[in-house]
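The sequence and structure come first.

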Amino acid sequence: GWEDLVKHGCVPEEARKLFDAALGGMKSVLVAGGNCSGKTTTMEVLANNLPAARRVVAVQGASDLALSHPAGLSLDAASDEEFVELLKNAERFLPDYLVVDSLEGVGVPEVVRAMRNGLAVIASCHASSALDALKRLEYMYLASKTAFGLDEIRSMLASGLGYVSYQERGADGKRRIVEFSRVDGYEDGRYILTPLLKYAGETGGFEVTPAGKAMLSKAGKGGR
């Protein structure tokens, strides 16, 4: 759980409050990272610590996410085609949160549609930075032979996604969330990402940014 992540230096204490505020506001979160960076562990912690009264539906293909949420339902796909079909039909189970681990080439249009329909989505993908994660989703969307152009896809991603978390495995072997940013839109051909939490490798410490502190303050007052 969160306690283990904090204990092992993966995240600071403030991270849980930031994620809780994000997901409590029914916003979608993209968990990105490289190989062996701990994405599935983060996904499990986020999904299993959602409010018990909320219904959680997880759709997964080749991943091994262990969903233990009291109101959770796990749907496992044996093929890419089945993965896409499960995503298309997931909303029939009336979830409050849709958990998708992981996006690796198919399913992006269905996930973006769910986000834009107002469903809170927690999804993961391979990436080398928070911005790279958004770029990878763009290209996976384009690869689906969609009728939408790149600019339209970027606008849909920016309006559907609330936050992007990026983690990596450091030279010391530790897995850390090194960036947690809010997606504040898309303008003039670029995404607007506002960092809330950062890890400074040179000092070995986490930093909650002014925007992150403002978010924590608002959450502490009962706001979202």
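## Terms and basis

A contact, or touch, means heavy atoms within 4.5 Å. This is a predicted model, in which local features need pLDDT of at least 70 and side-chain atom pairs count only at pLDDT 80 or more, while totals for chains, interfaces and linings use all residues. Residues are numbered from 1 along each chain as its sequence is written, and side-chain values use heavy atoms, with hydrogens and water left out.

## The chain

The chain has eight helices and nine strands, taken as DSSP runs numbered from the N terminus (helices H or I, at least four residues; strands E, at least two). Its radius of gyration, taken over C-alpha atoms, is 16 Å, close to the 17 Å from the globule rule (2.2 Å times the number of residues to the power 0.38) for 224 residues, so the chain is as compact as a globular protein of that length. Along the principal axes, the C-alpha atoms fill a box of roughly 45 × 45 × 40 Å.

Of the 224 residues, 47% are buried, where buried means under 20% relative accessible area, exposed over 50%, and partly exposed in between (1.4 Å probe, protein chains only). Among contacts with a separation of 6 or more, 52% join residues 24 or more positions apart. The accessible surface is about 10600 Å², with 48% belonging to carbon and sulfur atoms (Shrake-Rupley method, 1.4 Å probe).

## Leu142

Leu142 is in helix 6 (residues 130–142). Because its relative accessible area is 32%, Leu142 counts as partly exposed. Leaving aside residues up to four places away in sequence, Leu142 touches Phe148, Leu150 and Ile153. Val108 is 34 residues from Leu142 along the chain, and their C-alpha atoms are separated by 9.3 Å.

## Thr209

Thr209 sits in the loop between strand 9 (205–208) and helix 8 (210–220). Thr209 counts as buried because its relative accessibility is 6%. Apart from residues up to four places away in sequence, Thr209 touches Pro195, Leu196, Leu197 and Lys198.

## The second largest pocket

A pocket is an open set of points on a 1 Å grid over the protein atoms alone, where a 1.4 Å probe fits, with protein on both sides within 12 Å along at least five of seven lines; lining residues have an atom within 4 Å of a point. The second largest pocket has a volume of about 290 Å³, the volume being the space filled by probe spheres set on the points, which are joined across faces, edges and corners.

The lining has 16 residues, and Gly61, Ala62, Ser63, Ser102 and Glu104 lie nearest the centre of this pocket. Helix 3 (39–48), helix 4 (80–89) and strand 4 (97–103) are the elements that give two or more residues to the lining. By class, the lining has five nonpolar, six polar and five charged residues (nonpolar: Ala, Val, Leu, Ile, Met, Phe, Trp, Tyr, Cys and Pro; charged: Asp, Glu, Lys and Arg; polar: the others, Gly among them).
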